[in-house]
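Subject: Structure handover

Hello,

I am passing on the structure below, followed by notes on what was found in it. Please read them with the model open.

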Amino acid sequence: RRRTAILISGRGSNMAALIAAAQAPDYPAEIALVLSNRADAGGLALARSAGIATATVESRSFKGDRAGFEAAMQAVLDQKGIDLIALAGFMRVLTPGFVAAWEGRMVNIHPSLLPAFPGLDTHARALAAGVRLHGCTVHRVSASVDEGPILAQAAIPVLVGDTEASLAARVLEQEHRLYPAALAWVAAGRTDPPEARGALANPLPDTAWLP
Ligand code: GAR
């Protein structure tokens with residue numbers, strides 16, 4: 001089982017979904033650490049109550065010294081023998097150096113169907129754009145934010161009367177199903193050749209999907 005760290009900044013609902021999935025004995029990742037860049041992240045208490053080791057490296061105290069912040073995180077990751085990172089609502093941009101050090105071993109979940117709507121406020125922007133399909137993406141982390149190779153997506157229809165909150169809630173439901181499946185795929189060491197993409201794009205048979 002790959003020793004996996006989940007990096008969070010906030011409430012940690014995706015983290016909780018990954019922790020729950022990893023409790024299955026045959027799940028290929030073991031959640032060995034939850035690491036937050038904020039001491040007040042709600043997810044820390046959730047992780048502790050699930051019996052998971054937690055750590056905080058306060059990004060604020062590094063005052064813009066991103067390399068120093070990442071060196072402190074790397075020290076904690078090394079100390080815990082981590083070899084896979086799952087970003088789950090981790091709201092700091094990582095430097096190319098840190099990304100390179102974790103190449104092929106770091107994934108992220110993003111609340112849109114990438115490459116549409118990278119960045120923040122994805123649900124409001126999807127509504128404003130009038131898209132009929134929205135969703136979430138698990139991708140490998142590359143140096144350009146929200147641009148790494150796509151591993152898995154789940155799509156939902158945008159409904160008449162949807163608000164930012166209603167859309168966020170339905171996407172989040174899909175995030176909690178998609179991320180455990182995608183992390184299992186990565187932790188099992190499967191590669192992602194183009195011909196595997198069809199299967200990869202829909203790892204859950206009943207994931208909402210409109211052709
Ligand atoms: C999730 O919707 C995640 O996709 C998003 O933040 C939320 C975190 O919620 N991530 C990003 O926007 C990354 N830029 P959670 O803490 O309950 O998992």
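**Ligand contacts**

A polar atom in the side chain of Glu-175 is 2.7 Å from an oxygen atom of the ligand. Please keep in mind that the model is predicted.

Two other contacts belong with this one. In the side chain of Ser-13, an N or O atom lies 2.5 Å from a ligand oxygen. How much of the ligand does the protein bury? The ligand taken alone exposes 440 Å², and 86% of that is buried by the protein.

**The shell and the pocket**

The ligand is located in the largest pocket. Around the ligand are Arg-11, Gly-12, Ser-13, Asn-14, Gly-89, Met-91, Ile-109, His-110, Pro-111, Leu-172 and Glu-175. Sorted by class, this shell holds four nonpolar, five polar and two charged residues.

Which elements supply at least two residues each to the shell? They are helix 1 (13–22), strand 5 (106–110) and helix 6 (164–187).

**What the UniProt record says**

Under "binding site", UniProt lists Gly-12, Ser-13 and Asn-14, in an unreviewed entry. From this set, Gly-12, Ser-13 and Asn-14 are in the lining of the largest pocket. Gly-12, Ser-13 and Asn-14 are also among the residues around the ligand in the model. As for its place in the chain, Gly-12 is in the loop between strand 1 (2–8) and helix 1.

The record, again as an unreviewed entry, also gives the feature "domain: Formyl transferase N-terminal" at residues 3–183. In the model, that span is 36% helix and 23% strand, and its end C-alpha atoms lie 12 Å apart.

**Backbone points to look at**

Two places in loops deserve a separate mention.

- Leu-114 to Pro-115: the peptide bond here is cis, with omega near 10°. Pro-115 is part of the loop between strand 5 and helix 5 (122–129).
- Lys-63: this residue is not a glycine, yet its phi is positive, at about 45°. Lys-63 lies in the loop between strand 3 (54–56) and helix 3 (66–79).

Regards

Methods
Residues numbered from 1 in each chain as written. Predicted model: local features only at pLDDT ≥ 70, side-chain atom pairs only at ≥ 80, totals over all residues. Heavy atoms only, no water. Near = heavy atom within 4 Å. Polar contact = N/O pair within 3.5 Å; in protein donor to acceptor, adjacent residues only side chain to side chain. Areas by Shrake-Rupley, 256 points an atom, 1.4 Å probe, with all protein chains shown as cover. 1 Å grid on protein atoms, 1.4 Å probe; cavity = no way out; pocket = protein on both sides within 12 Å on 5 of 7 lines; lining within 4 Å. Sits in = over half its atoms within 2 Å of the grid points. Helix = DSSP H or I, 4+ residues; strand = E, 2+ residues; numbered from the N terminus. Nonpolar A, V, L, I, M, F, W, Y, C, P; charged D, E, K, R; others polar. UniProt positions renumbered as here; feature names shortened; annotations may be inferred.
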